[in-house]
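Let's take a friendly walk through a protein model, with an eye on its confidence and on some nonpolar residues.

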Amino acid sequence: MLLLLAIYGVRGANGVVIITTKKGRQGKMDIKFKSIVGLQNVAKKWDVTDREGYQKITSEAERNRDIRAGVPVSIAPGNDPNSPSYISNVNTDWQKESFQTGVVQNQALTLTGGAESIAYSFNVDYFKNTSYIKTPQDYERLSTNLNLNGKKGKFKYGAKIAYTQSDKEIFNEYNAGQTVVSDILGAIPTMPVYDANRLGGYGGTDNLTQRAISMNPIGYNNLITNNGKRNRFIGDAWGEIEIVKGLKYKLDVSYDRTDWENRKFIPPSDLGWYYITTNDEASLDVETGNELRTFLNNLLTYEITLGKHKIDALAGWIQEKRDYHRYNMRGVGYTPGEIPMLQYADSRNASEYKFTITGISYISRLNYAYDDRYLLQANFRQDKTSLFSEKNNSANFYSFSGGWKLSNEKFWTLPEWISNIKLRGGYGTLGNNTISQYFFASTVNSFAGYDFNNELAPGTTVVAST
């Protein structure tokens, strides 16, 4: 990594991941199909109390509390055998009611073949994961990709087209950090899963009878509709021509677009004490958006070997652009059974967010090797990006390194179990463009108060850029 520091410039702030994909190959059409089916189960369940155990523990806790406080003992009616409200007909095993067998399936079809002039690799992949919990958490994805590459004389070319469509049902967190498993383990056994007398049809706790705030995770997640859809298209095409022996020019153009929609509908419902959603609180949140990234790479490379000397050089110009656009819409106020669409909400509001980021880079690299023993490399890159203000929007990065392949020296003989020994060292610089868009601009804080004679007065102030 040290040898290539500067070539990534500001793009190397968080490290670099290089991804390769399958390419087409010459020959007759080769057809491959795979199908994988797996099952998901909870191997071991937590040992928790049943109804009687829970009632004994909570009653004893309440009794000790009141005795220490010196007040008459008051036990929750639902846990008191002497009370007419004593719960004896509910004993919910929440782990048994919540866990099921999840199914994971993946089918893929791959076609490869072609000739020297054009080779192809085409793949269709379908994946689906059905949740092992009886709540809407399924994930489904369909993806296709086509790779083309070929050669005609001194001209090489290739293209990649990929499309992915996914649909995900999202777990709902009532409080940040909660998980469906923690809610299942925390649900009390005197709360039923279903209750036809409550709005929504799911069980809940009562503040007078049980005196317990407990989430019904099955009811909460099945009442709420929360899913996200993604469509992504990637297109990349390149061509390379050998101008003269050793000198090549390559043009690479790529297009990457993602469209998404997230919808979350919380209907009116009654899941017991603390978990009640009224008509006025029922809401629909819709987020739609798209993101487009385009790249234009121009690369010129040259390689030459003179005896024991080998030199290769690279120079390039890269242009990139990122467009982001998002809409957020919210509707509040729904009656039970009302169609979950924005036009039926009692009140509506919307917001819009949009930005564009552009960048231009110039890169160069020089490699020199003598007899495959002594290695030198120099890199230079200049980045210019709209993420920074005009006076600070460009920077230069460089690196130098050297290596010595000791294993290729003739003054010693290495054991057979040692194939390569190399000393390497270098120095270089990296940039960092991991900042928010328009971060350099001054903003206005309209909520800045000031103390005038011990009274807080509203005010506005300018927040300087950094």
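What follows covers confidence, then a surface patch, then a residue in a loop.

## How confident is the model?

Please keep in mind that this is a predicted model. The protein chain has an average pLDDT of 91, and 94% of its residues score at least 70.

Confidence is highest in strand β7 (residues 247-266), where it reaches 98. At the other end of the scale is helix α1 (residues 5-8), where confidence is lowest, with a mean of 52. Residues 1-5 call for some care too: pLDDT stays under 50 there, although the model gives this stretch 17 contacts beyond four places in sequence.

## A nonpolar patch on the surface

Have a look at W46, V48, Y132, V181 and L185, which form a nonpolar patch on the surface.

## I435 in its loop

Now turn to I435, which lies in the loop that links β15 (422-428) and β16 (443-445). I435 is partly exposed because its relative accessibility is 31%.

Which residues does I435 touch, once neighbours within four places in sequence are set aside? Its contacts are L387 and F388. F388 is 47 residues from I435 in sequence, yet the C-alpha atoms of the two are 8.8 Å apart in space.

Note on methods:
Residues are numbered from 1 along each chain as its sequence is written. This is a predicted model: local features need pLDDT of at least 70, side-chain atom pairs count only at pLDDT 80 or more; totals for chains, interfaces and linings use all residues. Side-chain values use heavy atoms; hydrogens and water are left out. Patches are made of residues with over 30% relative accessible area and no salt bridge: like charges are joined within 9 Å, nonpolar side chains (Val, Leu, Ile, Met, Phe, Trp, Tyr) within 5 Å. Accessible areas come from the Shrake-Rupley method with a 1.4 Å probe; for residues, only the protein chains shown count as cover. A salt bridge is a side-chain nitrogen of Lys or Arg within 4 Å of a carboxyl oxygen of Asp or Glu. Helices (H or I, at least four residues) and strands (E, at least two) are DSSP runs, numbered from the N terminus. Buried means under 20% relative accessible area, exposed over 50%, partly exposed in between (1.4 Å probe, protein chains only). Contact means heavy atoms within 4.5 Å. pLDDT is the predictor's confidence in each residue, from 0 to 100.
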